[in-house]
Amino acid sequence: NKAAKEMAQRVRSLTGLPLKKLTTTTFHAFGMGVLKQYIHHLGFKNNFTVYDTNDRKALMKEVIQNLDYVVESFDLFELSSLFSDIKTKRKVFGPNASDKIRNLYYEYEKHLKAYNAVDFDDLIMKPLELFDKHPEILDELRERYSHILVDEFQDTSLSQYRMVELLAQESRNLCVVGDDDQSIYS
């Protein structure tokens, strides 16, 4: 967020213009803005909550207990990582995945919605879901963001890339800057 603010200041300084429509943001903050405006299309209320790591862990414990499983039999860090990988499509439940883990994941998702909450991964994945289910929202955003620049592109995940790809698909006004040697993804 700090880097996004600095980038906005630099662009305004270089151009000498107020650029009131300029948006500089992180992917997650952009997703949050999209959700604040449109999440009701996915059956959430606009006053949703974003769960942090501790909230997520507490919800996992609650779900485990509700399913009459033993909390201590799960490594919550590993479970959280798996849920993140499943949600962001870095992994899928394989044929050997236990029904217990599948049930936990689906109950976790149901509980998030029941609590009108999203987790950090949802800040990217829910806008993608919106774009898929409501192409008119994507069209509106494409019109609003006709030119897109992505800095530190080497750190862009596949889901984040998908967001940029969808937004820039019509205008084709996309510029990315990055350094392969500094990549956090392999």
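**View 1. Asp-85 pairs with Arg-90 in a salt bridge.** In this predicted model, the side chains of these two residues come together with an N to O distance of 2.8 Å. Asp-85 counts as buried, since its relative accessibility is 15% and the cut-off for buried is under 20%.

View 2. As for solvent, Glu-6 is partly exposed at 35% relative accessible area, while Arg-10 counts as exposed at 53%.

**View 3. Asp-119 and Arg-56 meet in a salt bridge between a strand and a helix.** The N to O distance for this pair is 3.9 Å. Asp-119 sits in strand β2 (residues 117-119) and Arg-56 in helix α3 (residues 53-66), so the contact ties together parts that lie 63 residues apart in sequence. Asp-119 is buried, with a relative accessibility of 0%. Arg-56 counts as buried too, at 9%.

**View 4. Arg-56 and Asp-119 again, now as members of a salt-bridge network.** For the overall tally, searching the whole structure turns up 15 salt bridges.

Definitions and conventions:
Residues numbered from 1 in each chain as written. Predicted model: local features only at pLDDT ≥ 70, side-chain atom pairs only at ≥ 80, totals over all residues. Heavy atoms only, no water. Salt bridge = Lys/Arg side-chain N within 4 Å of Asp/Glu carboxyl O. Buried < 20%, exposed > 50% of the residue type's maximum accessible area, 1.4 Å probe, protein only. Helix = DSSP H or I, 4+ residues; strand = E, 2+ residues; numbered from the N terminus.
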